[in-house]
Amino acid sequence: MQSVQVHPEAANITRLFESRARQQGADLAASSTSIRPTRDQMNATALSTLLDRRKSVRTKGELEQLEREFGIGHDALEKLVRFVNSPSIDKASIRPAAGKSEEEGFVATAVWMAPSLKS
């Protein structure tokens, strides 16, 4: 049987990495539990969720509910969506990439989608 010598520096480094991993996990959990923005701020995940959900809104009432849920005013949302949207693809444009099968990769056309609101 051979004895293994543990260097104090290695143990300190291990504790450092474990501590960082715990902190990153706590930070991730804290940021993912709330989609509600702070004052005049919204994280990227919440913004993407808002924009995706806006695409499926069918009535003005649903749009107002979405705005309340995300804490954003109607005017602010309308200004935002003039220039920002979440990625969408035209399903009819999906085709295999040149020289590849569908399993190896595909090409699609990006489109700008807006909700179809009914009065």
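Author: Start with Glu69, which is partly exposed, with a relative accessible area of 29%. The model is predicted, so local features need pLDDT of at least 70 and side-chain atom pairs count only at pLDDT 80 or more, while totals for chains, interfaces and linings use all residues. Residues are numbered from 1 along each chain as its sequence is written, and side-chain values use heavy atoms, with hydrogens and water left out.

Reader: Why is Glu69 called partly exposed?

Author: Buried means under 20% relative accessible area and exposed means over 50%, with partly exposed in between (1.4 Å probe, protein chains only). Glu69 has 29%, so Glu69 is partly exposed.

Reader: What makes Glu69 and Arg53 a salt bridge?

Author: A salt bridge is a side-chain nitrogen of Lys or Arg within 4 Å of a carboxyl oxygen of Asp or Glu. The closest N and O atoms of Glu69 and Arg53 are 2.7 Å apart, so the pair counts as a salt bridge. The pair links distant parts of the chain, with Glu69 in helix α3 and Arg53 in helix α2, 16 residues apart. Helices (H or I, at least four residues) and strands (E, at least two) are DSSP runs, numbered from the N terminus. Arg53 is partly exposed, at 34% relative accessibility.

Reader: How many salt bridges are there in the whole structure?

Author: The search finds two. Lys55 forms a salt bridge with Asp52, where the closest N and O atoms are 3.6 Å apart. Both Lys55 and Asp52 lie in helix α2, three residues apart, about one turn of the helix.

Reader: Are Lys55 and Asp52 buried or partly exposed?

Author: Lys55 has a relative accessible area of 12% and is therefore buried. Asp52 has 36% relative accessibility and therefore counts as partly exposed.

Reader: Why is α2 called roughly antiparallel to α3?

Author: The axes of helix α2 (residues 44–55) and α3 come within 11 Å and cross at roughly 170°. Axes are lines fitted to C-alpha atoms, for helices over the stretch in contact, and angles run from 0 to 180 degrees between N-to-C directions. Angles under 35 degrees count as roughly parallel, over 145 as roughly antiparallel, 65 to 115 as roughly perpendicular and the rest as oblique. The crossing of roughly 170° therefore makes α2 roughly antiparallel to α3.

Reader: Which residues make the contact of α2 with α3?

Author: From α2 they are Ala46, Thr49, Leu50, Arg53 and Arg54, and from α3 Leu63, Leu66, Glu69 and Phe70. Contact means heavy atoms within 4.5 Å.

Reader: What makes up the largest nonpolar core?

Author: Nine residues do: Leu50, Leu51, Val57, Leu63, Leu66, Phe70, Ile72, Leu77 and Val81. A nonpolar core is a set of buried Ala, Val, Leu, Ile, Met, Phe, Trp, Tyr and Cys residues joined through side-chain atoms within 4.5 Å. α3 gives the most to this core, with three residues. Leaving aside neighbours within four places in sequence, Leu77 is in contact with Leu50, Arg54, Leu63, Glu67 and Ile72.

Reader: Where is Gly71, and how exposed is Gly71?

Author: Gly71 is in the loop between α3 (60–70) and α4 (74–81). Gly71 has 47% relative accessibility and so counts as partly exposed.
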